Amino acid sequence: MKNGIRTVLIIHDELKDRRTLCLSSFLEFCGIWTDEISDSCGEEIVELLDGRYDLSLYLWETEQSMEPDPSWRESVVAINYGDVEQVKDGVCLKTIDKCLEMMEECYDEKDSCDIKTLKKLSEIYLSEQLRIYDYNGKYYFYSKESSQKAYQCYSEAYQKLDDILLNGLNESFVEYAKAYCIKCMHQLALAMKWIQRYDVPRVIETLKDITDNDKKLISCWYLMGQLSAGERTTYLKFPAVNYYQKCVNEMCQTGRPIIGIEKVYYAMGGYWEKVRRKWSRAIVDYKKAYAANRSSFRALYKIGVYKQETECNYKEALNDYRGILELLNRKTEADYLQPIEAEYIFKTLIRMLDIYMELSEDRRVQAVYQQLKDLNERHKNNRFYPEFYGLTEEAAGFRRLTQERISLKKAEIKVHNYYNGNRKSLNYNYEIRGKNYG
């Protein structure tokens, strides 16, 4: 493929996340922008297969009932992984190897160094178990033990990348991967209040040099924004929004931006909300994020919060919160929520509980509280953890961490105060003993 592959769309069964997470995090580690979409989104998939992605992949296994839709079959490379395999690291290896085989067929001979580089980077990605630590660094950053392990992993990966002999390799991919490791280490260091070891302005200059030589590597601009936003000092975070905006501009060059522009808009919203404390400005970008990808439950949650807290428009806020529950309903019913999805459902239900208490709608207070209890109980049987981590104590440990994040205690205190007449002043230090409300 002329000028190489820099953007990839992965179509997959949303109840089979392990291969997709492995492949997408690997490609992102290398600097290839990767978006994901459920194979149930038929019309949306057809719209995206108009040349805006360099490569579209459909990951499936023989037990799946759904094969590539005839309307998009010609534009998609289907990778059939055969029968479902027992969870182990070899599954990730096979996932990446098969993808690289497909990519090799699409590349021009002169771009073979790209494939050679990706294969070299996959060795580091697999040896350092980045499949696990990339995920843990994003979703379990509040756990000191998990953060220490993730940080060590990125540090060792960075050292191996720094030792690579670049003869015959794509230097841009290697330098990007090093910058990616630094970004992850600095974000963990910021959350855990550790020392940030690397000179971010120098890393950003390297990424700018990469974009001068490879303008299709739009991931660089997003990574520059993340690096800048991860700085410890507030004023050093200010350039982040400019890098995010540059990323948006590059994505809009053709007039048909990829769905991943949602992530950039969401990051810009986070900048205005958390760095500049301008909530009214942040909501502009959150709304753009949701418009770009109607599956963005995170952006929809921010929109709901704005309507609830700033506009006091409870009716519209509730509509948004119900929309989040609907977006995640299939995974909820299948007991297959990822940690971040479970947390967002929890936060959404807590906010719905607040509104119904404010409106004194007792029946709905009881109904939402029951949903919270159901979420907490069903999470004990969540199938994501053993699929992603394997049948290990590690899987059980991360399940427990998330269980703590969606604990019923906060809801119990709210409901206790509500039914005891203290509907405005909520005492979160109150310990409930032997009570069962709703």
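Reader: Where does glutamine 129 lie?

Author: In this predicted model, glutamine 129 sits in the loop between helix 4 (112–127) and helix 5 (130–139).

Reader: Why is glutamine 129 called partly exposed?

Author: Its relative accessible area is 35%. Buried means under 20% and exposed means over 50%, with partly exposed in between.

Reader: What is phi of glutamine 129?

Author: Phi of glutamine 129 is near 55 degrees, which is a positive value in a residue other than glycine. Aspartate 335 also has phi near 55 degrees, again positive and again in a residue other than glycine. You can find aspartate 335 in the loop between helix 16 (329–333) and helix 17.

Reader: What makes threonine 95 count as buried?

Author: Here the value is 0% relative accessibility. The cut-off for buried is under 20%, so threonine 95 counts as buried. Threonine 95 belongs to helix 3 (residues 89–106). Leaving aside residues up to four places away in sequence, threonine 95 touches Arg19, Leu23 and Tyr81.

Reader: How do you know that helix 17 is roughly antiparallel to helix 18?

Author: Let's take the angle. Helix 17 (residues 339–358) and helix 18 (residues 362–378) pack at about 165 degrees, and their axes are 9 Å apart. Angles over 145 degrees count as roughly antiparallel, so helix 17 is roughly antiparallel to helix 18. Their crossing is left-handed.

Reader: Which residues of helix 17 and helix 18 meet?

Author: From helix 17 come Ala342, Ile345, Phe346, Leu349, Ile350, Met352, Leu353, Tyr356 and Met357, and they meet Arg364, Val365, Val368, Tyr369, Gln371, Leu372 and Leu375 in helix 18. Sorted by kind, the residues of this contact of helix 17 with helix 18 are 14 nonpolar, 1 polar and 1 charged.

Reader: What makes helix 7 roughly parallel to helix 9?

Author: The axes of helix 7 (residues 171–192) and helix 9 (residues 219–229) cross at roughly 25 degrees and come within 10 Å. An angle under 35 degrees counts as roughly parallel, so helix 7 is roughly parallel to helix 9. The crossing of helix 7 and helix 9 is left-handed. Helix 7 contributes Tyr176, Ala179, Tyr180, Ile182, Lys183 and Gln187 to the contact, and helix 9 contributes Ser219, Cys220, Leu223, Gln226 and Leu227. In the contact of helix 7 with helix 9, 7 residues are nonpolar, 3 are polar and 1 is charged.

Reader: Why is strand 3 called mostly covered?

Author: Count the buried residues. In strand 3 (residues 55–60), 6 of its 6 residues are buried, and buried means under 20% relative accessible area, so strand 3 is described as mostly covered. Leu55, Leu57 and Leu59 point one way, Ser56, Tyr58 and Trp60 point the other way, and all are buried. Side chains in a regular strand alternate between the two faces of the sheet.

Reader: How do you know that strand 3 pairs with strand 1?

Author: Pairing needs at least two bridges. Strand 1 (residues 7–12) and strand 3 have 5 bridges and run in the parallel sense, so they pass the test. For example, isoleucine 10 has leucine 57 of strand 3 as its bridge partner.

Reader: How many bridges join strand 3 to strand 4?

Author: There are 4, and strand 3 and strand 4 (residues 77–80) run parallel. With at least two bridges required, this counts as a pair too, so the test is passed again. Leucine 59 has isoleucine 79 in strand 4 as its bridge partner.

Methods: Residues are numbered from 1 along each chain as its sequence is written. This is a predicted model: local features need pLDDT of at least 70, side-chain atom pairs count only at pLDDT 80 or more; totals for chains, interfaces and linings use all residues. Side-chain values use heavy atoms; hydrogens and water are left out. Axes are lines fitted to C-alpha atoms, for helices over the stretch in contact, and angles run from 0 to 180 degrees between N-to-C directions. Angles under 35 degrees count as roughly parallel, over 145 as roughly antiparallel, 65 to 115 as roughly perpendicular and the rest as oblique. A crossing is left-handed if the near helix is turned anticlockwise from the far one by less than a right angle, and right-handed if clockwise. Contact means heavy atoms within 4.5 Å. Ala, Val, Leu, Ile, Met, Phe, Trp, Tyr, Cys and Pro count as nonpolar, Asp, Glu, Lys and Arg as charged, and the others, Gly among them, as polar. Buried means under 20% relative accessible area, exposed over 50%, partly exposed in between (1.4 Å probe, protein chains only).
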